[in-house]
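This report describes selected local features of one protein model. The sequence and structure are shown first, and the description follows.

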Amino acid sequence: MKNFRIDQNLKELTEHRTVVLPIACYETTIHQNINGYIPLHWHDEIQFVLIVKGEALFQINEEKLVIGEGNGLFINSGCLHMAEEKNQSGCVYICLNVSPHFVLSQELYTTYVYPYIQATNLPYVYLDANELWAKNIFDAILKINQWIQQQSPYYEIDISVQLTLIWQNLIINGIQLEYDQTEMVKSQRMKQMLNWIHLHYAEKIRLDDIAKAGQLSRSECCRYFKRVLKKTPLHYVTDYRIQKSLILLQQAESTVTEVAYQVGFNSTSYFIDQFRKSMNMTPLAYKKLSSVKI
C-alpha cells in the first residue's frame, strides 16, 4: 500500500477486509508512501508485521524499536503507531490486520481475546524469528497472504484456521496482563488532542487550545507530546500541516502560496522553509517531481 487515509482522530480509514473476511493482508514498501514513511495512526484491528526486506524503525505509543529482515511485530488494537525506513534499506513488510472479533469464536473471544486487547501493558510484542512460536506466526502470515491472492476453494476456512494458530502462538507465552486506568486515560487524552489538531490545523492554533482539548494544563500537554511524539505540540502542528500539503501540491492547478494558506501557514516563506526542513526539498520542487511521477 502506497497511501492510506486516516481521519482527524488518526484512525485509519482503510477498509481492512477482503470481500467476506474482516481482515486485510498486503505488502507495504515504506518509502513509496506519499509521506516517505508510514504516519502516526491507529485502528481497532490488531496488526501483525513481517519484515521481508531491509529494516524499519517502528514507534508504538511511546516506545521505539528497530525490526530487521525476517523478524516482526504484533501491534495491539487502538495503539498509536508509525514506521519509517532504516538506513535506506528499501524496507518492505507484509502487514496482516484482523478484527479482534474474527480471531476466535464469540464463545472464546471473552476469555482469550478481549483481555489481551484491553491490557495496558501489551501495546506490542516483538516477534523474533529465532523463537519457534514467532516462526509459526510468520509461516501462517505467509500462507494467509498467498491464499488471499490466489482465492482457491475454501480459502476462507484455511485462513480462519491459521488465525487461530497465530493467536494461540502469541498468547502461550504466559503474558501477565495489566489494566492501568491511568494509562487508559492518558491514551484517550492524547487521541483527543490529536483529534482537535486534525480538525483545526488550517486555523490559527494556540497551545492553550490543544491543552484544553486534552483537559490538561499547558505544561502537562507539552509533557504528553514530548513523551509520546518526542516533539512539542506546535512542532507537531507544523509537521501535520506539511503532511496535509503533500496531496494539495500534487494538484496541477494549485500554487505553493495557495497550499501554504490552505493548510494553516500565514506566510509562504515560512511554509517553504519548514517544508524544506521536513522534505529536503522546496514545495515547488516536490510539486514538479510529483507531476513527473504522475
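## A buried histidine in a loop

His43 is located in the loop that connects strand 2 (38-41) and strand 3 (46-53); helices (H or I, at least four residues) and strands (E, at least two) are DSSP runs, numbered from the N terminus. With a relative accessible area of 1%, His43 is buried, where buried means under 20% relative accessible area, exposed over 50% and partly exposed in between (1.4 Å probe, protein chains only).

The side chain of His43 has a polar contact of 3.2 Å with the side chain of Gln47, and another polar contact, of 3.4 Å, links it to the side chain of His81. A polar contact is a pair of N or O atoms within 3.5 Å; within protein, one must be able to donate a hydrogen and the other to accept it, and residues adjacent in sequence count only if both atoms are side-chain atoms.

## Basis of the model

The model is predicted: local features need pLDDT of at least 70, side-chain atom pairs count only at pLDDT 80 or more, and totals for chains, interfaces and linings use all residues. Residues are numbered from 1 along each chain as its sequence is written, and side-chain values use heavy atoms, with hydrogens and water left out.

## Helix 4 and its cover

Helix 4 (132-150) consists of 19 residues, and the distance from its first C-alpha to its last is 27 Å, close to the 27 Å expected at 1.5 Å a residue. The expected span is 1.5 Å times one less than the number of residues. Among the buried residues of helix 4 are Trp133, Ile137, Phe138, Ala140, Ile144 and Trp147. Their cover includes strand 1 (23-29), strand 3, strand 6 (72-75), strand 8 (92-98), strand 9 (124-127) and helix 5. Just after helix 4, Gln151 adopts a positive phi of about 50 degrees.

Gln162 belongs to helix 5 and is buried, at a relative accessible area of 10%. Leaving aside residues up to four places away in sequence, Gln162 is in contact (heavy atoms within 4.5 Å) with Ala140, Lys143, Ile144 and Trp147.

Tyr154 sits in the loop between helix 4 and helix 5 (155-171) and is exposed, with 64% relative accessibility. Together with Ile157, Val161 and Leu165, Tyr154 forms a nonpolar surface patch of about 420 Å² accessible area. Patches are made of residues with over 30% relative accessible area and no salt bridge; like charges are joined within 9 Å, and nonpolar side chains (Val, Leu, Ile, Met, Phe, Trp, Tyr) within 5 Å. Accessible areas come from the Shrake-Rupley method with a 1.4 Å probe, and for residues only the protein chains shown count as cover.

Helix 9 (residues 233-249) has 17 residues, which should span 24 Å at 1.5 Å a residue; its end C-alpha atoms are 24 Å apart, in agreement. Of the 17 residues, 12 are buried, so that the helix is mostly covered. The buried set includes Tyr236, Tyr240, Arg241, Gln243 and Leu249.

Val256 is part of helix 10 (residues 256-262) and counts as buried at 14% relative accessibility. Between Val256 and Ser219, the separation is 37 residues in sequence and 35 Å in space, C-alpha to C-alpha.

## Salt bridges

Side chains of opposite charge can pair when their charged atoms come close. Where a side-chain nitrogen of Lys or Arg lies within 4 Å of a carboxyl oxygen of Asp or Glu, the pair is a salt bridge; the count is eight. One of them joins Asp208 and Arg218, at 3.0 Å from N to O. Asp208 lies in helix 7 (residues 207-213) and Arg218 in helix 8 (residues 218-229), so this pair ties together parts 10 residues apart in sequence. Asp208 is partly exposed at 33%, and Arg218 is partly exposed at 46%.

Arg223 and Glu220 form a salt bridge with their closest N and O atoms 2.7 Å apart. These two residues are three apart in helix 8, and therefore separated by about one helical turn. In helix 11 (residues 268-279), Lys277 and Asp273 are four residues apart, about one turn, and their side chains meet in a salt bridge of 3.6 Å, N to O. Lys277 is exposed, with a relative accessible area of 59%, whereas Asp273 is partly exposed at 29%.
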